[in-house]
Amino acid sequence: MKRKIAIIAGGDSSEHAVSMKSAEGIRSFIDADKYDIYLVELSKEKWEAVLPEGNAPIDKNDFSFVANGERIRPDFAYITIHGTPGENGILQGYFELIGLPYSTCDVLVSALTFSKFHLNQYLKSLGLKVAESLVVNRRQSISEQDIIDTIGLPCFIKPNASGSSFGVTKVKTVEEIRPALETAFAESDDVMVEAFMDGTEIANGCYKVKGKEVVLPITEVVSKNEFFDFNAKYNGEVTEITPARLSEEVTARVQKLTSLIYDILKCKGIIRVDYIITAGDVINMLEVNTTPGMTATSFIPQQVRAAGLDIKEVMTDIIEDAFLPS
């Protein structure tokens, strides 16, 4: 009997639609000959299985639903929500309580990586290089001069606990600071102000399962915009080069660091680590994505193809790892 796989998408953030696109990609990547695949869409208003005969409500007691008169309880949840509740540990905690295996990092790691500032400060304490930054809560007040004195201009003002597609502004003048804060606060109660770093932006995927470690080729990001924003990501305003135009030595250092970060955080499933390479080939970590985009053109599928791997086999690795003896 085939295992039943639920792809969990949607969520409560502005990246709901982006998550649904990732779900379409994952559905095409999972081997339908091995698994029965269901899409489950989550929102604040409702949790539903998306079925050909019409959507069915999810029973939150055990995450089951009725399809064609049969009650289905998935064997495994593949989480592809970008934002709350699937990227910050909330959904992971729920699945832990009901005993449903899932694809991503656990509650603690998901919560830590979702807070960009706290993750960066933690990894900085272990010797990793990150941009100078500060965090501001919406209940706090901070002056434009405080930001300039502490971080300088230009800088990035972004939601601290959210995805990275919405609410991000590159600030070049003092007049742009206050509007940028308001834009970021629309997405998150905490806002991160981060120093600008001039360099080459790259992304590197990785996953580890029992008996196998895979660090993927690196993607170089050349945005046509000021930075890698929503339009660059999803409207084609970017050139993505895989493998990245880096020396063998820098490539090896980046991949080694990605593997180290995976182990330090005790990650699970596929992650993507974003970096900036600055003058002197200094590797600066930007963030760790524990539910990276998975459309056909997203970084991870690109990197899987560049590595000469079969994306279906990668998905099978992630799913079957949950059922192997510890």
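Colleague: Which residues of H4 do Leu 112, Thr 113 and Phe 114 in H3 meet?
Modeller: The model is a predicted one. By class, the contact of H3 with H4 has four nonpolar, two polar and one charged residues. On the H3 side stand Leu 112, Thr 113 and Phe 114, and the H4 residues they meet are Lys 116, His 118, Leu 119 and Tyr 122.

Colleague: How are H3 and H4 oriented to each other, parallel or perpendicular?
Modeller: The axes of H3 and helix H4 (residues 116-125) are 5 Å apart, and the packing angle is about 100°. Angles of 65 to 115 degrees count as roughly perpendicular. The two helices, H3 and H4, are therefore roughly perpendicular.

Colleague: At what angle do the axes of H1 and H10 cross?
Modeller: Helix H1 (residues 16-29) and helix H10 (residues 311-321) have axes that come within 8 Å. The crossing angle of H1 and H10 is roughly 95°.

Colleague: What is the volume of the largest cavity?
Modeller: Searching the whole structure gives three cavities of 30 Å³ or more. The lining of the largest cavity includes Ile 26, Tyr 78, Gly 269 and Met 294. That lining has six nonpolar, six polar and no charged residues. The volume of the largest cavity is about 80 Å³.

Colleague: Which element gives the largest share of the lining of the second largest cavity?
Modeller: The second largest cavity holds about 60 Å³ of space, and its lining consists of Glu 87, Thr 113, Phe 114, Lys 116, Ser 162, Glu 287, Val 288 and Asn 289. Two elements give two or more residues to it, helix H3 (107-114) and strand E16 (282-289). By class, the lining has two nonpolar, three polar and three charged residues. The largest share, three residues, comes from E16.

Colleague: What is the bridge partner of Ile 157 in E10?
Modeller: Strand E9 (residues 155-159) pairs with E10 over three bridges, in the antiparallel sense. The partner of Ile 157 in E10 is Thr 169.

Colleague: How many residues lie between E3 and E4 in their hairpin?
Modeller: Strand E2 (residues 35-42) and strand E3 (residues 47-50) run antiparallel, joined by four bridges, and a hairpin of four residues links E2 to E3. E3 then runs antiparallel to E4, with two bridges joining them. Gly 54, in the turn between E3 and E4, has a positive phi of about 125°. The number of residues between E3 and E4 is five.

Colleague: What is the omega of the cis peptide bond that joins Leu 153 and Pro 154?
Modeller: Most peptide bonds are trans. Pro 154 is found in the loop between helix H5 (144-150) and E9. The omega of the cis bond joining Leu 153 and Pro 154 is about -5°.

Colleague: Where is Pro 243?
Modeller: The peptide bond from Thr 242 to Pro 243 is cis, with omega near 0°. The place of Pro 243 is the loop between strand E14 (238-241) and helix H8 (248-265).

Colleague: What is the phi of Phe 63?
Modeller: Phe 63 lies in the loop between strand E4 (56-57) and strand E5 (65-67). Phe 63 is not a glycine, yet its phi is positive, at about 65°.

Definitions and conventions
Residues are numbered from 1 along each chain as its sequence is written. This is a predicted model: local features need pLDDT of at least 70, side-chain atom pairs count only at pLDDT 80 or more; totals for chains, interfaces and linings use all residues. Side-chain values use heavy atoms; hydrogens and water are left out. On a 1 Å grid over the protein atoms alone, a cavity is a set of points where a 1.4 Å probe fits but cannot get out, and a pocket is an open set with protein on both sides within 12 Å along at least five of seven lines; lining residues have an atom within 4 Å of a point. Grid points are joined across faces, edges and corners, and a volume is the space filled by probe spheres set on the points. Ala, Val, Leu, Ile, Met, Phe, Trp, Tyr, Cys and Pro count as nonpolar, Asp, Glu, Lys and Arg as charged, and the others, Gly among them, as polar. Two strands pair if DSSP finds at least two bridges between them. Axes are lines fitted to C-alpha atoms, for helices over the stretch in contact, and angles run from 0 to 180 degrees between N-to-C directions. Angles under 35 degrees count as roughly parallel, over 145 as roughly antiparallel, 65 to 115 as roughly perpendicular and the rest as oblique. Contact means heavy atoms within 4.5 Å.
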